[in-house]
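Hello,

Here is the structure I promised to pass on. Please open it first, then read my notes below.

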Amino acid sequence: MSGPFSLPALPYAEDALAPVISAQTVGLHYGKHHKTYFDKLNGLVDGTDMADMSLEEVVLKSKDGGALQGVFNNAGQAWNHILYWEQFHAQGARTPSGKLAEMVERDFGSFDAMKEQFVNTAANVFGSGWAWLVLDGGKLSLMGTSNADNPLAHGKTALCGLDVWEHAYYLDYQNLRPKHCQAVLDGLVNWSYVGEKLEAAL
Ligand code: MN
């Protein structure tokens, strides 16, 4: 169905992230999973005041769950995956620079140490969820969230997000979630995009 919220176009071809993430995984993840979150959200907000809100406003309105848990699940996932696709570029910057590089060194010791902690955070999310690099009170930190939950709902700025739902990695990596996360951090995250998000939020 149509509705107030629409799935943004994928910023590249479905095979652009291979071999780190296969075209088949991107096709299903974007074309089925991400699209379905939008379709369900549009059905849930139809005829409510949320139909006139921004996606961010819907996430914040529904973050305490209760009768709006279904809205939060779909709005959160719709929002999470927009950042997820935007942060990747197969030819992007493979290391941070500028302010991001400074803050990674200050808050984690080194880029490699940050990536190691990021993978560990992702590995320790029990069940479906996300691991995030966030700006929180002027510092970089990592957080894991369950299901659709995200930094936005906790007053933090999401800079980079690893989807650790099995649909993100199972076709390509089976049960090897940490291997998938390490490959994404090493080979797909465009750290200049992450740096721009950071500088916009400081
Ligand atoms: Mn996903």
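His 167 counts as buried because its relative accessibility is 18%, and the cut-off for buried is under 20%. Bear in mind that this is a predicted model. His 167 is found in helix H6. Its side chain makes a polar contact with the side chain of Asp 163, at 3.3 Å. Leaving aside residues up to four places away in sequence, His 167 touches Thr 25, His 29, His 33, Tyr 37 and His 81.

Some of those names come back at the metal site. The manganese ion is coordinated by His 29 (NE2), His 81 (NE2), Asp 163 (OD) and His 167 (NE2). The distances run from 1.9 to 2.1 Å. Along the sequence, the donor residues follow the spacing H-x51-H-x81-D-x3-H. The pair His 81 and His 167 links distant parts of the chain, 86 residues apart. His 81 sits in helix H3 (residues 69-86), and His 167 in helix H6 (residues 166-173). Is His 81 buried or exposed? His 81 counts as buried, because its relative accessibility is 0%.

Next, the domains. The protein is divided into domain 1 (23-86) and domain 2 (98-201). Their centres, taken over C-alpha atoms, are 20 Å apart. At the boundary, 20 residues of domain 1 are in contact with 20 residues of domain 2. The two domains bury about 1,700 Å² between them. Carbon and sulfur atoms account for 65% of that area. On the domain 1 side, Thr 25, Leu 83 and Tyr 84 lose the most area to domain 2. Together they make up 32% of what that side buries. Thr 25 is also one of the residues that His 167 touches.

The largest nonpolar core has 63 residues. Which of them touch the most other members? They are Ile 21, Phe 88, Phe 118, Leu 133, Leu 140 and Trp 191. Helix H3 gives the most to this core, with eight residues. The core draws at least three residues from each of domain 1 and domain 2.

Take a look at Trp 191 while you are there. Not counting residues up to four places away in sequence, Trp 191 touches Ala 93, Arg 94, Thr 95, Pro 96, Leu 100, Phe 111, Met 114, Leu 133, Cys 160 and Leu 185. Among them, Leu 133 is also on the list of core residues that touch the most other members.

Best wishes

Technical notes
Residues are numbered from 1 along each chain as its sequence is written. This is a predicted model: local features need pLDDT of at least 70, side-chain atom pairs count only at pLDDT 80 or more; totals for chains, interfaces and linings use all residues. Side-chain values use heavy atoms; hydrogens and water are left out. Donors are N, O and S atoms within 2.8 Å of the metal (3.2 Å for Na, K and Ca); water is not among the atoms, so sites may look incomplete. Helices (H or I, at least four residues) and strands (E, at least two) are DSSP runs, numbered from the N terminus. Buried means under 20% relative accessible area, exposed over 50%, partly exposed in between (1.4 Å probe, protein chains only). A nonpolar core is a set of buried Ala, Val, Leu, Ile, Met, Phe, Trp, Tyr and Cys residues joined through side-chain atoms within 4.5 Å. Domain bounds come from an automatic or database domain assignment. Contact means heavy atoms within 4.5 Å. A polar contact is a pair of N or O atoms within 3.5 Å; within protein, one must be able to donate a hydrogen and the other to accept it, and residues adjacent in sequence count only if both atoms are side-chain atoms. Buried area is the accessible area (1.4 Å probe) that two parts lose on being put together, summed over both.
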